[in-house]
Amino acid sequence: MKRIAFLLSLLFPCIELYAQKNKQQILQQVLADANLPGIQLVYTTNSKTTAYNAGVGKEGLTKKINSNTIFRAGSLGKCVFAYAVLRLYDRGVLSLDAPLLRYISAYKRFDAKDPRYSMITARMVLSHASGLAEFQEFDAGEPVKLLFAPGSSFSYSGEGYWFLQNVVEKLTNKPLEQVMQEEVFKPLQMQSSTYVQNQGMDISVIGPENKDLAAMMPNAAFTLLTNAHDYNLFLQAILRGKGLKPATQKLMFSKQSNAQWFGRPTDKADDYVNWGLGLGLQQNQKGNMLWHWGSTGDFYSFFIANPVTKKSMVFFTRGTSALKITDQLVDIFMGKQTTWAMRWLGLGYDHPETMPRLYNALRQQGFNNVPVVFNNLKSKGYQFSERDINAYGYVLMKKMRYKQAFAIFKQQIIMYPQSANAYDSFAEASENLGDKQLAINSYKRSLELDTANVAAAYHIKGLENPAFTADKLKSFTGKFTNVDKADIFLKLEAKGNRIILTQSWDGNKLEFFRIGDLEFYNTDTRFKLRFEKDGAGNISKAFVATNAAWIKEK
């Protein structure tokens, strides 16, 4: 449940329209359509590099993004680490095909009694064929699961990179950060890049370090801090083979595993996506491309590069469903094409060619007759999916354009009359517009269609209780400090009939609605927010999802 603006007729291809406006203006429109706070993007073509910066690093900031702004790069750090590993391979420090346990003899996250772990090689890790499951709690006491025999299938695994990092640190007798500085950052002049957050960094965008993950940091799989300028230096270096033997660069860019996820149904995108050494590979009408994405919290990033033309594009942004802009940006900067990588990830629109058309048509014609807009686009061959329609409705909801969201969700019901999701979303828009009875009726219809819809049941419970009104939420607001970690806190504010929870460490927000005298619920995470009172009857503690207490400041 959850506008590339142009001046020509809808009959012309999108790519022609992009040329009519300055790319900076286009980026501003893309951000507005997706309700993203800002973007940092660098594009290289014909050896010329151009930087584009728009907006701010996160909601609520006034300082604009510039080329020096640092972002959390998430999994883009895997590609940089893979390059360092290949440099070590070129010097004979390690083999791509020797069992990694030979180098360190034992690894505490593995089951020593299971011989399959001893089959894992660097090549398998870098191509996500190790069989290792994704990250588990560091001190859980249980060994990391093997999903399949190493080398026999594909399953994306940061855990594998964490293991390989430990091997590299043992072989070089150096910590990760020193290895990366010596092998990558200094040679490529990536002066703003690091895997270690330090005290001197501006945390207004990246936020403070997540101390809960201290035992796994720094981590080659997800702690890279960088910007588009630096990352583009890396992309251009690997495209030109800098720092690698020609045969090793060829290995990096060649298929090492097919990217058919273990345990998942096959998809058409599987025919066009494979994995090299540390990089995703994509084949489409533009040829063979290199790509990867990053996500950590609400930080999202993506790059695509052409090893023949040496064109590259990389961007960093933040926000819910932020990668839905990727297909558009690839078309604008790299030429119109099918970005199979986004289909494979499932993080883009199902019909990315349709959505910019829809945005533009609604800008021109308004939301008074949404069915006509949809029918006109369908008559021209454009396709829609329920997931895309619903996602756009929630973009509008987040922008507090409730009337427009109401119209989009109503269209979703017209097209998908048996969808519990459609009625649930329509109910939420109705509730925000103040139509309590329509919201109740719509939630009830959603519950009829999906009896397991817990959130709908909670919404009905809250709406039907006459005592749960917006004017009675003030006592739940304030600053709540963690009982174990006094330097982090939650800020709770009342917004209409909702409680908005803001996390001090990253600025992320969660919206809760009331379901009981001292209990609230968040639909997206399914977290409950509970409160306790002191002896005087005043709210004194808050609990979110777990039993960890947050103490209200006086």
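Arginine 526 sits in the loop between β15 (519-521) and β16 (528-533). Strands here are DSSP runs of E with at least two residues, helices are runs of H or I with at least four, and both are numbered from the N terminus. The model is predicted, so local features need pLDDT of at least 70 and side-chain atom pairs count only at pLDDT 80 or more, while totals for chains, interfaces and linings use all residues. Residues are numbered from 1 along each chain as its sequence is written, and side-chain values use heavy atoms, with hydrogens and water left out.

Arginine 526 is not a glycine, yet its phi is positive, at about 65°. Its relative accessibility is 65%, so arginine 526 counts as exposed (over 50% relative accessible area; buried is under 20%, partly exposed in between; 1.4 Å probe, protein chains only).

Now turn to another loop. Serine 47 lies between β1 (38-45) and β2 (48-55). Serine 47 is no glycine either, and has a positive phi of about 65°. At 62% relative accessibility, serine 47 is exposed.

Next come two helices. Packed helices are described by the angle and the distance between their axes. Helix α3 (residues 76-90) and helix α7 (residues 176-185) have axes that come within 9 Å and cross at roughly 80°. Axes are lines fitted to C-alpha atoms, for helices over the stretch in contact, with angles from 0 to 180 degrees between N-to-C directions.

Which residues of α3 and α7 make the contact? From α3 come Val80, Phe81, Tyr83, Ala84, Arg87 and Leu88; from α7, Leu176, Met180, Glu183, Val184 and Phe185. Contact means heavy atoms within 4.5 Å. By class, the contact of α3 with α7 has 9 nonpolar, 2 charged and no polar residues. Nonpolar covers Ala, Val, Leu, Ile, Met, Phe, Trp, Tyr, Cys and Pro; charged covers Asp, Glu, Lys and Arg; the others, Gly among them, are polar.
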